[in-house]
Amino acid sequence: DSTDIWVNIGDVADTGFIVLYPNANDGNFYLKGLLYNNQQAEISIFNDAGQMVYLTTVPVADKLLYTNINMKGALSGGVYMLKLKADGKLRVFKFVVVRR
């Protein structure tokens, strides 16, 4: 007589991983990721001179952050820094706006 135990291991979501895409973009881009908590996440964008050009809060439901930031036509071409405050952490993303 024997007893069998079967264990099925699947992929586990990478909580805390955030992506900004596409990069480079025309001022219209997405921020997506899976966070640890449901919360209000703060997003701020700074130009290369360090001036804040955008500030908002977005809700995180079911621990999923997914938001479209559309500043097409409002941002000049150049390098920007997006700062995300969520889960008690500050994450910084560098991105490029290309004007055509």
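**Notes on the strands, core and salt bridges**

1. Let's start with a strand pair: β1 and β2 run antiparallel to each other and share four bridges. Two strands are taken to pair if DSSP finds at least two bridges between them. The strands are DSSP runs (E, at least two residues), numbered from the N terminus. Within this pair, Tyr-21 sits opposite Tyr-30 of β2. Before going on, please keep in mind that this is a predicted model, in which local features need pLDDT of at least 70, side-chain atom pairs count only at pLDDT 80 or more, and totals for chains, interfaces and linings use all residues. Residues are numbered from 1 along each chain as its sequence is written, and side-chain values use heavy atoms, with hydrogens and water left out.

2. Now for the sheet around that pair. β1, β2 and β5 make an open sheet of three strands in the order β1-β2-β5, with antiparallel pairing. The edges are taken by β1 and β5, each with a single partner strand, so one side of each has no neighbour in the sheet. From one strand to the next, the twist averages 10° (axes are lines fitted to C-alpha atoms, and angles run from 0 to 180 degrees between N-to-C directions). β2 also pairs with β5, again in the antiparallel sense, over seven bridges. Here Leu-34 has Leu-64 of β5 as its bridge partner.

3. β5 is worth a look from both sides. Its covered face carries Leu-65, Thr-67 and Ile-69, while Leu-64, Tyr-66, Asn-68 and Asn-70 are on the uncovered one. As background, side chains in a regular strand alternate between the two faces of the sheet.

4. Next, the loop between β1 and β2, which holds Asn-25. This residue counts as buried, at 6% relative accessibility; buried means under 20% relative accessible area, exposed over 50%, and partly exposed in between (1.4 Å probe, protein chains only). A polar atom of the Asn-25 side chain lies 3.0 Å from the backbone oxygen of Pro-22. Leaving aside neighbours within four places in sequence, Asn-25 is in contact (heavy atoms within 4.5 Å) with Leu-20, Phe-95, Val-96, Val-97 and Val-98.

5. On to the inside. The largest nonpolar core has 21 residues, and Leu-31, Ile-45, Leu-65, Leu-82, Leu-84 and Phe-95 have the most contacts inside it. Such a core is a set of buried Ala, Val, Leu, Ile, Met, Phe, Trp, Tyr and Cys residues joined through side-chain atoms within 4.5 Å. At least two of its residues come from each of β1, β2, β3, β4, β5, β6 and β7. The strand giving the most is β6, with four residues. Setting aside neighbours within four places in sequence, the contacts of Leu-82 include Leu-20, Phe-29, Leu-31, Ile-45, Ile-69 and Phe-95.

6. Finally, the charged pairs: there are two salt bridges, defined as a side-chain nitrogen of Lys or Arg within 4 Å of a carboxyl oxygen of Asp or Glu. In one, Asp-26 meets Lys-72, with the closest N and O atoms 3.2 Å apart. Asp-26 lies in the loop between β1 and β2 and Lys-72 in the loop between β5 and β6, so the pair ties together parts that are 46 residues apart in sequence. Asp-26 is partly exposed at 28% relative accessibility, whereas Lys-72 is exposed at 56%.

7. The other pair is Glu-42 with Lys-85, whose closest N and O atoms are 3.5 Å apart.

How values were computed. Polar contact = N/O pair within 3.5 Å; in protein donor to acceptor, adjacent residues only side chain to side chain.
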